[in-house]
Amino acid sequence: MPDNALYYRLAYAATLLLYLGYALSLYLRGRALSRREQRQRDGRT
Amino acid sequence: MTDVSLTAPASRRLDPVALVAVVAVALAYGRAIWFTPPEATQGFAQKILYVHAPAAWVAFLAFGVTALSGAFWLFLKDQRLDRLAESSAEVGVIFTTAVLVTGPLWGKPVWGTWWTWDARLTLTLFLWFIYVGYLVLRGVIPGREQRARYAAVVGILGALLIPFIHLSVYLFRTLHPLPVVARPEGPSMPPVMVKTFFLAFFAFTLLYVAFVRVRIALAVQRDALDDATVGG
């Protein structure tokens, strides 16, 4: 059997990083929107 | 006065679908890594199948949803359809990126090359470019209705590539292998691998649904704030 485990470990790490990175981007965008909402609300009171 | 008060901010919601998706993805990775044997000829590199093929399926599903939502938006002009199309396209680009990253990592040890310009690989790269373009297009058109209309057309046209990509392994001479599970004569893998394969399919499909739900929630919040800015 060929010794190529490095490639599959890299592939799994890359996909995990990609999905975690996207999840983080969603979280950060949500936080930015919440701040914007807060600013808009403060501007009106 | 327009009310800017919204429902719970998307960033603070804990979506139950997301929770189940995270557990399912963790189970899929765990089963693929520790409980699924490597294939005799390809070795451990064959395990890339469990993250590569489901990502490709989800990418097709995501762009299919984008195209359908866009098509329905053209008739119904319902903002929810445009948000679904936008969210699905973005998630589809993430999964297509996963396909384009894991493919070369599988190709190098098995084919001896990171990349070859054959039909399956090249068309998948084109698909990625089209939907990255779709997202860029959405970002540069300020008018909501005009943006939705142009995006719907691009979303529909882009999805026309999907059947060609799927059939490319039959239509063209290509290094990419034929399907090993979705075959009329049944899967050509042992049951332990097939189970891992279907678990990964289920897990990544659930992850797609979770991502899209959160992304739609963000789009709803953004649109409400935009309306409040314009209306106020």
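## Basis

This is a predicted model, in which local features need pLDDT of at least 70, side-chain atom pairs count only at pLDDT 80 or more, and totals for chains, interfaces and linings use all residues. Residues are numbered from 1 along each chain as its sequence is written, while chains are lettered from A and ligands numbered from 1 in the order in which they are written.

## Chain B overall

Chain B has seven helices and zero strands. Helices (H or I, at least four residues) and strands (E, at least two) are DSSP runs, numbered from the N terminus. The C-alpha atoms fill a box of roughly 70 × 35 × 30 Å along the principal axes.

Of the 232 residues in chain B, 39% are buried (20 or more other C-beta atoms within 10 Å of the residue's own, with C-beta atoms placed from the backbone).

## Helix H3

H3(B) runs over residues 79-111. Its 33 residues reach 46 Å from first C-alpha to last, close to the 48 Å expected (1.5 Å times one less than the number of residues). H3(B) is mostly covered, with 24 of its 33 residues buried. Gly112(B) follows, with a positive phi near 90°.

## Contact with chain A

In chain B, 36 residues are in contact with 27 residues of chain A (C-beta atoms, placed from the backbone, within 7 Å). H1 (16-34), H2 (49-76), H3 and H7 (191-231) of chain B each supply at least two residues of this side. H7(B) gives the largest share, 10 residues.

The side of chain B that touches chain A divides into 25 nonpolar, seven polar and four charged residues. Here Ala, Val, Leu, Ile, Met, Phe, Trp, Tyr, Cys and Pro count as nonpolar, Asp, Glu, Lys and Arg as charged, and the others, Gly among them, as polar.

Terms used: A residue is buried if 20 or more other C-beta atoms lie within 10 Å of its own, exposed if 12 or fewer, and partly exposed in between; C-beta atoms are placed from the backbone. Two residues are in contact if their C-beta atoms, placed from the backbone, lie within 7 Å.
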